[in-house]
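Subject: Structure handover

Hello,

Here is the structure for your files. My notes on what was found in it follow below.

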Amino acid sequence: MQWPDLVPVIPELILLVAACVVLLVEPFLKTEDGRGDKTAVIAIALTGLLGALVVSLALVGQDRESFAGMLVLDDWAVFFKVLFAIGAGLVILMSPGYLEAHRRHLGEFYALVLLAVVGMDLMAAARDFILLYVALELMAISSYVLAAFFRYRVRSNESSLKYFLTGSFASAIMLYGISLVYGLAGATGYAAVGQALGGRGGSAGVLLAVFLVAVGLGFKVSAAPFHMWTPDVYQGAPTPIAAFFSVGPKTAAFAAIMAAFIVAFPGAVQEWGVFFIVLSIATMLVGNLYALVQTNVKRMLAYSSIAHAGYLLTGVGAMGWAGNSYPGHGVMVYLAAYTFMNLGAFGLLAYLKTQMPHSFDYSLKQMAGLGRRSPWAAVLLSLFLLSLTGIPGTAGFIGKFYVFSGVVWADLWWLAVIGVLLSVVSAYYYLRVIIYMFFREPEEEYEVREPISGGMAASLAVSAIATVVIGILPSWLWDSVASAFNALFD
Amino acid sequence: MTEKILFIVFSVLAVAGGLGTITRKNVVHGLLLLVFTFLNVAAIFFLTQAYFLAVIQILVYAGAIMVLFVFVIMLLNLRTFEQEEQTHRRQRWIAAALSVLVLVEFVVVLAGVTFTSVRGGLTPETMTDLGGGTKVFGDALFNNMLLPFEVASVVLLVAMVGAIVLVKREKTAGGATRAWEPGERPTPEALEEEV
Amino acid sequence: MVNPAIDLVIQLGIMFAIGAAMAMAFISISHLLSPRSTNPNKSEPYECGVVPKSDARAPFNVHYYLVAVLFVLFDLEAVFIYPWAVSLRTLGTPALAEMFVFIAILLVGYVYAWKKGVFEWE
């Protein structure tokens, strides 16, 4: 037998080694009060992510496959690897102060984030259902542990338990679908499945298999009606981890859907296109309408992340409806834009919680007067919320513009109209937070505990800069998305 | 013929065990019925000459995994599963109806499907020529399935770290050398705070 | 072609049946043949010592659970070694390296658990 080509997995190997080093170093970190100085593990974790990022960028333009065709290295995989590395880096930068404030600052946190990123990378690079499933489990199990990280907190436990039960149920459904795919096609590689099933069109057996796989991945992107875990999980998880959940696993699942469905189920494109279109309408409705009535900002952002999954799904549905990968370009641009603006919004909540670890409860009421207490924090949060609304000049507008123009390109103009109308509805709940911050008097005075840490400042600054830059100069992003799609589909 | 009869016997017993598992109120009885189900599934694997899989089914599922289940029951000191009769009664019937509907749908759809023969046209007979099921499994696992296999070890690592992070207890005062976070446990009022 | 597993299944079934029948026979025979006398002392668990006060199903220390989880994980690792051992000769050196990588990753977890003091009883 041959030695496998390891070049396509160098970024993941770097992350894995970094995570192992963190785990081996962590037990030896001791200070006199028994708490340990975690600077070393944070440095190792960030070095690992930076290494993975640099190597990924160095591998742009490659086109090779490895491990018997299970995994590829092309611009598509590199795009997501870069996105995940940056996202995880921002999450790690915002975490130390927050964890310290909750008296639960352990090195394992960083190791688990790195291992989840390994799973997400492999999901995006996988070209085989078995690898997709194992990678998804790696990401999911790390996530369950991270959700329960504050093990003495009732909400953290609730969050993890709900995530674990619904997540493993969804995994089982997806696995059942994959087993049917294998039974029907006699293969598990996307391309081989596509060849075997292409001629069978939308027969009932194929549709059932496609449906089960789509439901399993639909859970991960929190598409309605498989969204009910999302608000409780995001609300109860540590805030940096909620930020991570809202961008990481969701992006990875979208990458997997786009890479797998067009290639593996070409005979049933119309059917899964319609399925995702129906899901997208339900998801946009549920996310936006429930977000309207939330008074807890963290929970509101959870519903808003459901709504954004809905906008993204319109693009995926249009891919299937048109039988063409072109509408997917917009989805990828949106995923990049969404990563930064959503991490920024959640990161700011993490910052506020770090400042007031016991008194801050994320309620809208407590946002009142933030514009006067810490003006720059209020301005940054406003920027992220405006971007989530889709105001021109921000990343959110660019994302929505490209997704909806792709949807219109697929002759689904009515779907784009629904999306735009619901974006207008979303302005209500995003702008309400801004109004509270700048125009409402606080009901009580809040004691601010400590100044912002360097990591948190860096994380928020990068998110804000990226949100603005993508909003003003989107062409480089569009170019890299186009080359990713060329790599995947030509 | 014998094959068919044996298959029907084992599968009926497996399904019956599964139904018993979810209907018993005494959790230990449910657990034993689950072991019974696993044993019957192992017998079905055995019947298809997947001896390795059959042994794994017994060793890992009926053995190791069930040990964990017993531990959880002992930890929580569960005796009988007390269902809140009033709140879930209607939901239970809707759920049962939906389950039956899904079952019927699957049976109808899958009855009309012709399954392709597996990768490389492997049958029990050709497998014997290739050195037996365990060898075929090993060859596939360490060749084509290499990457999922290595990722599986990372999944096991995550499970290990996760169990330790969530379960390992903090040292009390005195043995401060490998203490977890002192003061991590919140006050009763802080327990239900937003995190 | 006749499925060779059927013979094995039948043989195993006969073995299990005989085993179960023997166990039941011993219990019922001793139950039927033994002389019986009732006495309240005889229904106590021990003839001497302390009368048990509480239930046998007492809540466990959670540490047992941690050990059980680690047992299951290393059990799974051992399971993967079986097919590897069978295939190693045909697969050659790469397979040897693959298994070393697999074990090395789990070894990281082992060392981590050790240094965290999981194997020390509190």
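What is the mean pLDDT of chain C, and what percentage of its residues reach 70 or more? The mean is 84, and 90% of the residues of chain C reach 70 or more; pLDDT is the predictor's confidence in each residue, from 0 to 100. This is a predicted model, in which local features need pLDDT of at least 70 and side-chain atom pairs count only at pLDDT 80 or more, while totals for chains, interfaces and linings use all residues. Residues are numbered from 1 along each chain as its sequence is written, and chains are lettered from A and ligands numbered from 1 in the order in which they are written.

The model scores are ipTM 0.92 and pTM 0.92. Among the elements of chain C, the lowest mean pLDDT, 86, belongs to helix α2 (residues 62–91) of chain C, and the highest, 90, to α3(C). Helices (H or I, at least four residues) and strands (E, at least two) are DSSP runs, numbered from the N terminus. Where pLDDT is low, the predicted coordinates should not be read in detail.

Chain C

Chain C is split into domain 1 (1–35) and domain 2 (61–122); such bounds come from an automatic or database domain assignment. Between the C-alpha centres of domain 1 of chain C and domain 2 of chain C the distance is 37 Å.

The contact between chain C and chain A takes 8 residues from chain C and 7 residues from chain A, where two residues are in contact if their C-beta atoms, placed from the backbone, lie within 7 Å. On the side of chain C that touches chain A, helix α3 (residues 93–115) of chain C gives the largest share, 5 residues. By class, that side of chain C has 5 nonpolar, 1 polar and 2 charged residues. Ala, Val, Leu, Ile, Met, Phe, Trp, Tyr, Cys and Pro count as nonpolar, Asp, Glu, Lys and Arg as charged, and the others, Gly among them, as polar.

Chain B

Chain B has 7 helices and 0 strands, in the order α-α-α-α-α-α-α from the N terminus on. Of its 195 residues, 25% count as buried. A residue is buried if 20 or more other C-beta atoms lie within 10 Å of its own, exposed if 12 or fewer, and partly exposed in between, with C-beta atoms placed from the backbone. Taking the contacts in chain B between residues at least 6 apart in sequence, 46% join residues at least 24 apart.

The domain assignment of chain B gives domain 1 (1–80) and domain 2 (122–170), and the C-alpha centres of these domains of chain B lie 21 Å apart. In chain B, 4 residues of domain 1 are in contact with 4 residues of domain 2. The side of domain 1 of chain B that touches domain 2 of chain B has 3 nonpolar residues, 1 polar and no charged.

Chain A

- The peptide bond from A:A224 to A:P225 is cis, with omega near 0 degrees. A:P225 is in the loop between α8 (204–220) and α9 (230–236) of chain A.
- A:R103 is not a glycine but has a positive phi of about 55 degrees. A:R103 sits in the loop between α3 (75–101) and α4 (108–125) of chain A. A:R103 counts as partly exposed because 17 other C-beta atoms lie within 10 Å.
- A:Y362, also not a glycine, has a positive phi of about 65 degrees. The loop that holds A:Y362 is between α13 (326–355) and α14 (364–367) of chain A. A:Y362 has 22 C-beta neighbours inside 10 Å and therefore counts as buried.

Regards
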